[in-house]
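Try each task before reading its solution.

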Amino acid sequence: WGVASAIKPTQILPQWGGTGKQRTRSAQRKVTFGEGVSKKPSDVKPDSHTPTRPLPRLRKIHSAPSDPSPPSADSSSGDFTINSRIWCPTACAHDPSYSPSKLQSKRVCRAISTPPECPPFPAGALMLRSNSSPADTSLNCNISPGEELLGDNSASHLFPVIRGSNADLKSIEPLTLVRILAGDFAEQISNLVIIDARYPYEYKAGHIKTAVNIWTEQLMHEFFLKSIYVPTSDLRHIIVFYCEFSTMRGPSQYRYLRNEDRKLNEHNFPKLHYPELYVLDGGYAQFFSIASADCDPCRYVKMLDEAYREDLVKCQILKHQGAR
């Protein structure tokens with residue numbers, strides 16, 4: 001009854017026993033609670049936490065373990081498939097051994113709703129098939145599929161391009177430059193400029209024939225951007241950059257010229273004044289080991305040569321200050 005803590009020691013009910021009349025009289029005996037409030041045992045309500053029969057669990061009906069089908073809903077039975085298992089919300093109702101009371105029937109969880117359908121495709125947002133083929137190149141119909149284009153997409157590269165130490169730049173092998181200097185591409189080239197981006201003391205000690213020493217951005221701007229080169233024919237205007245190993249100074253000058261050229265033609269993309277640029281893979285060090293006869297004078301001085309340590313410091317200070 002849950003009232004044992006409120007009963008005084010002198011008023012404990014007698015043990016149930018005896019005849020039926022004695023049990024009736026004992027049940028009708030008054031029990032005193034607290035300060036004079038009296039109630040009959042029949043008036044005491046049961047504890048609100050009195051346990052009730054637990055709700056039955058939903059029954060799982062396993063499908064074939066090898067069923068790879070995605071979650072789906074059966075409109076006829078209302079069952080919902082999740083991870084190759086069918087959850088049957090109405091399994092309790094179909095179980096003949098289960099007869100829930102009214103209270104329990106109200107507390108039965110609702111059936112798992114089927115997944116919401118995909119929203120309708122927005123009107124007018126239709127996907128149309130492109131009329132162009134994968135190999136369609138409207139800028140230049142003479143370009144075969146797979147060929148790399150110049151910076152302005154006007155044509156393919158004249159020389160075979162390799163993947164050098166700078167993946168974002170176009171590089172050529174030293175032997176390719178040897179062929180260029182030998183005149184193998186003379187009929188297709190109108191102007192060839194070879195840029196030596198090393199410091200002046202390196203350039204004076206030895207450089208590739210016909211190379212120009214442009215080792216700062218200011219010199220690059222005056223040489224190429226102050227007066228724009230205007231081609232007079234359909235032949236190629238080619239610029240080749242290199243430094244000692246073609247890993248830092250030469251590629252930096254390449255990127256500077258390309259970025260400034262893009263700025264000058266930002267309203268006429270992808271047009272460029274100098275679309276065909278290359279970097280000599282391996283730089284002067286590798287070229288000198290292969291074709292030292294094409295160097296003038298025939299000598300190679302390293303940037304970190306101890307004999308030119310003072311010149312190195314001066315050049316680094318001047319380049320950092322932006323002096324020519």
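## Exercise 1: A buried phenylalanine

Phe224 counts as buried, since its relative accessibility is 3% (buried is under 20% relative accessible area, exposed over 50%, partly exposed in between, with a 1.4 Å probe and protein chains only). Before going further, please note that this is a predicted model, in which local features need pLDDT of at least 70, side-chain atom pairs count only at pLDDT 80 or more, and totals for chains, interfaces and linings use all residues. Residues are numbered from 1 along each chain as its sequence is written, and side-chain values use heavy atoms, with hydrogens and water left out.

Task: find the element that holds Phe224 and list what Phe224 contacts.

Solution. Step one: Phe224 belongs to helix α6, residues 217–225 (helices are DSSP runs of H or I with at least four residues, strands are runs of E with at least two, and both are numbered from the N terminus). Step two: setting aside neighbours within four places in sequence, the contacts of Phe224 are Val193, Ile195, Ile214, Ile239, Leu257 and Tyr274 (contact means heavy atoms within 4.5 Å).

## Exercise 2: An arginine in a helix

Task: is Arg249 buried or exposed, and which residues does Arg249 touch?

Solution. Step one: locate Arg249 in helix α7. Step two: Arg249 counts as buried because its relative accessibility is 9%. Step three: beyond residues up to four places away in sequence, Arg249 touches Ala197, Arg198, Tyr199, Glu202, Cys243, Glu244, Met303 and Lys319.

## Exercise 3: The sheet

Task: work out the strand order of the five-stranded open sheet.

Solution. Step one: the order is β6-β11-β10-β7-β9, with parallel pairing (two strands pair if DSSP finds at least two bridges between them). Step two: β6 and β9 are the edge strands, each pairing on one side only. Step three: look at β6 and β11, which run parallel and are joined by two bridges. Ile172 stands opposite Leu280 in β11.

## Exercise 4: Backbone details

## Exercise 5: Checking a helix

Task: what span should α9 have, and what is the distance between its end C-alpha atoms?

Solution. Step one: the 13 residues of α9 should span 18 Å at 1.5 Å a residue (the expected span is 1.5 Å times one less than the number of residues). Step two: the end C-alpha atoms of α9 are 19 Å apart, which agrees. Step three: just after α9, Gly322 takes a positive phi of about 85 degrees.
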